Amino acid sequence: MTKQGKFMIFCAEQYKYAKKLTGRQLDELFSKYRVWDYLYACYEALHTTGTNYIIHDIDLYIDARKPAMA
């Protein structure tokens, strides 16, 4: 598995735990807002940050995409 893949799994697990989501809920949310693509593309910038920063960043990313997805 690539380092990006491991990082994406780490982010997903941390986000799922923080937001009390099931695996299915997390995947639906991340797929709907293309968070998987975002995490992969931003690996270099995000992998050096802390868990709380990553969770907050994902929230900001989703919030920014909601109007475009409506």
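A search of the whole structure, a predicted model, finds zero disulfides, a disulfide being a pair of cysteine sulfur atoms within 2.5 Å. For Cys11, the nearest cysteine sulfur belongs to Cys42 and is 10 Å away. Cys42 is likewise in no disulfide. Cys11 is buried, at 1% relative accessibility, while Cys42 is partly exposed at 23%. Here buried means under 20% relative accessible area, exposed over 50%, and partly exposed in between, with a 1.4 Å probe and protein chains only.

Because the model is predicted, local features need pLDDT of at least 70, side-chain atom pairs count only at pLDDT 80 or more, and totals for chains, interfaces and linings use all residues. Residues are numbered from 1 along each chain as its sequence is written, and side-chain values use heavy atoms, with hydrogens and water left out.

Lys20 lies between helix H1 (3–19) and helix H2 (23–32); helices (H or I, at least four residues) are DSSP runs, numbered from the N terminus. Arg34 sits in the loop between H2 and helix H3 (35–41).

Asp59 belongs to helix H5 (residues 51–69). Leaving aside residues up to four places away in sequence, Asp59 touches Tyr15 and Lys19, contact meaning heavy atoms within 4.5 Å. The side chains of Asp59 and Tyr15 are also joined by a polar contact of 2.5 Å. A polar contact is a pair of N or O atoms within 3.5 Å; within protein, one must be able to donate a hydrogen and the other to accept it, and residues adjacent in sequence count only if both atoms are side-chain atoms.

Note on methods. Helices (H or I, at least four residues) and strands (E, at least two) are DSSP runs, numbered from the N terminus.
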